[in-house]
Amino acid sequence: MQLHDVWFVLIAVLWTGYFFLEGFDFGVGILTKLLARDRPERRVLINTIGPVWDGNEVWLLSAGGATFAAFPDWYATLFSGFYLPLLIILVSLIVRGVAFEYRAKRPEENWQRNWETAIFWTSLIPAFLWGVAFGNIVRGVKIDQHLEYVGGFWDLLNPFALLGGLVTLSLFTFHGAVFTTLKTVGDIRRRAQRLALGVGLVAAVAAVVFLGWAQIDQGDSKSLVALWVAVAAVVGALVANQAKREGWAFALSGLTIVAAVAMLFLTLFPNVMPSTLNPAWSLTVSNASSSPYTLKIMTWCAGIAMPIIMLYQGWTYWVFRKRIGTQHIADAAGAMH
């Protein structure tokens, strides 16, 4: 295995980690409107991810930075061709971070309600658009002989990509609902368990159709194994959720995401962005990569930094592992989260 193959795998791992972690906090943000009945319950939901949401986004920064350094042509074509949807995601993530920090800065009802609404929409929009983006990456886009994207914005809104958006939106919401059952107590926990069943069934059906479509178009035996793991994991998550085994349900909903992302990268390799105009014009791990020396330096840096980041983030989750409920919310108006 050459270094550009190694970095393709590492980037796949980074995206998998991002979707696993940011997936449930996107889901919790969506649940602030779907599940919470009042402000204390919304605060409970936000508090479950308050200590960790910004750390989860480190995986996105790492994935983007690794793509820029290891595969500059992939990065350039991706960000120029997907400029508008990626810009919408970026703006959403910026507003989302501001909303988390500013929501409790003032006690006025309108102030807090507006920021909570912002959290909902800036969780829902990226959850959908990431699926659209990856659907197009796997399906392929219009890349010419100069390795440049020559399609338009509306070309990205094809049935396969839109189905991918539905998969990530429903799967992240299910993941967030299961996370809520794991992190809360009382009535909100019981309602999250019931909601997880309905959303999980939608996610399961959408995921099976989407991944099956990808398998038929571009899959092989390895991607087929990942597909079956994803299907078994989502079924197991639904069963564990009904049995009120929250830890198992969360682990299995997370495994569903991991297997689904792995399956998509397996169908993609050795391409990084297929061309629908001519397969010979596709971006691959070899023609889109940096020099071997650059990849060698990056490998040493990643080998040192990644274990430190993962240990620190694991410690953060351990410190904030306890369940919370409305009884833990301060009564004072405008109390900090």
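Where is the place of Tyr-18? Tyr-18 sits in helix H1; helices here are DSSP runs of H or I with at least four residues, strands are E runs of at least two, and both are numbered from the N terminus.

Some housekeeping. This is a predicted model, in which local features need pLDDT of at least 70 and side-chain atom pairs count only at pLDDT 80 or more, while totals for chains, interfaces and linings use all residues. Residues are numbered from 1 along each chain as its sequence is written, and side-chain values use heavy atoms, with hydrogens and water left out.

Back to Tyr-18. Tyr-18 counts as buried because its relative accessibility is 0%; buried means under 20% relative accessible area, exposed over 50%, and partly exposed in between, with a 1.4 Å probe and protein chains only. Contact means heavy atoms within 4.5 Å. Not counting residues up to four places away in sequence, Tyr-18 touches Gly-23, Phe-26, Asn-56, Glu-57, Trp-59, Leu-60, Leu-93 and Trp-130. Tyr-18 and Ala-63 are 45 residues apart along the chain, with 8.4 Å between their C-alpha atoms.

Next, the cores. A nonpolar core is a set of buried Ala, Val, Leu, Ile, Met, Phe, Trp, Tyr and Cys residues joined through side-chain atoms within 4.5 Å. The largest has 80 residues, and Trp-15 and Trp-130 have the most contacts inside it. Helix H1, residues 3–34, supplies the largest share of this core, 14 residues. Beyond four places in sequence, the contacts of Trp-15 are Leu-60, Ala-63, Thr-67, Trp-130, Phe-134 and Phe-265. There is also a second, separate core of 16 residues, including Ala-207 and Ala-260.

Thr-67 is in helix H4, residues 58–70. Thr-67 has a relative accessible area of 5%, so it is buried. Among the residues Thr-67 touches, leaving out those up to four places away in sequence, are Ile-11, Trp-15 and Trp-74.

Trp-74 brings us to helix H5, residues 72–81, whose buried residues are Trp-74, Thr-77, Leu-78 and Gly-81. These cover an arc of only 100° around the axis, so they are on the same side of H5; the arc is that of the directions from the helix axis to the C-beta atoms.

On a 1 Å grid over the protein atoms alone, a cavity is a set of points where a 1.4 Å probe fits but cannot get out; a pocket is an open set with protein on both sides within 12 Å along at least five of seven lines; lining residues have an atom within 4 Å of a point. Points are joined across faces, edges and corners, and volume is the space filled by probe spheres set on them.

The whole structure has three cavities of 30 Å³ or more.

Finally, the largest pocket, at about 570 Å³. It is lined by 25 residues, with Leu-60, Phe-79, Leu-86, Leu-90 and Trp-130 nearest its centre. H6 supplies the largest share of the lining, seven residues.
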